[in-house]
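Dear colleague,

I am passing on the structure below, together with a short account of what was found in it. Please look through the model first and then read the notes beside it.

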Amino acid sequence: MHTVFAQFTFFPHSVVSRNDTLLADTSTITLILTVSPGSYEFTINPAALVFNETNEPIADVSFGAYGDPSVYTQSPKYPTPLAFIQALGLWHERTPDHWFLGRNSALTGPSTVSSALEGPGTYLLAAPK
């Protein structure tokens, strides 16, 4: 059985350049998506892509099948599993070990977090400790 981990939506013109070269309407590019086993982390490559700031692609990450909200007990911030779930966001590692909450990152369903993708790199579904 297959379970959807994430759905990615790339709108027209959401990728504007590659290797400092503007893309034409008829350009095609190859994206490489790598999922880290055992976590809600993924990496988008190649690094030389530039996403459109006003029409960024979107990721919808589903954690319903394998998410474990009991980890809320590892932080005094969350009194209940629901509080932990409501704090989840999609974080983007812009530089090594510097994580920023994704633009418009929000819980969009009972077990889905959606966020704009600001560019290539590593993303992680997590709640602050």
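An open sheet of five strands, with antiparallel pairing, has the order β4-β5-β12-β8-β9. At its edges stand β4 (32-36) and β9 (98-101), each with a single partner strand, so one side of each is left without a neighbour in the sheet. From one strand to the next the twist averages 30 degrees, where axes are lines fitted to C-alpha atoms and angles run from 0 to 180 degrees between N-to-C directions. Strands here are DSSP runs of E with at least two residues, and helices are runs of H or I with at least four residues, numbered from the N terminus; two strands pair if DSSP finds at least two bridges between them.

Before going further, please keep in mind that this is a predicted model, in which local features need pLDDT of at least 70 and side-chain atom pairs count only at pLDDT 80 or more, while totals for chains, interfaces and linings use all residues. Residues are numbered from 1 along each chain as its sequence is written, and side-chain values use heavy atoms, with hydrogens and water left out.

Within the sheet, β12 (residues 121-126) is joined to β5 (residues 41-45) by four bridges, the two strands running antiparallel, and Glu41 stands opposite Leu124 of β12. Strand β8 (residues 89-95) also runs antiparallel to β12, with five bridges joining them, and here Leu124 in β12 is the bridge partner of Trp91.

On its way to β9, β8 forms a hairpin with two residues between the strands, and Asp97 in the turn has a positive phi of about 60 degrees. The pairing of β8 with β9 is antiparallel and extends over four bridges, with Glu93 opposite Trp99 in β9.

As for the protein as a whole, there are one helix and twelve strands, and the elements run β-β-β-β-β-β-β-α-β-β-β-β-β from the N terminus on. The C-alpha trace spans about 50 × 35 × 25 Å along its principal axes. Of the 129 residues, 32% count as buried, a term that means under 20% relative accessible area with a 1.4 Å probe, protein chains only. Among contacts (heavy atoms within 4.5 Å) with a separation of 6 or more, 64% are accounted for by residues 24 or more positions apart.

With kind regards

Methods: Buried means under 20% relative accessible area, exposed over 50%, partly exposed in between (1.4 Å probe, protein chains only).
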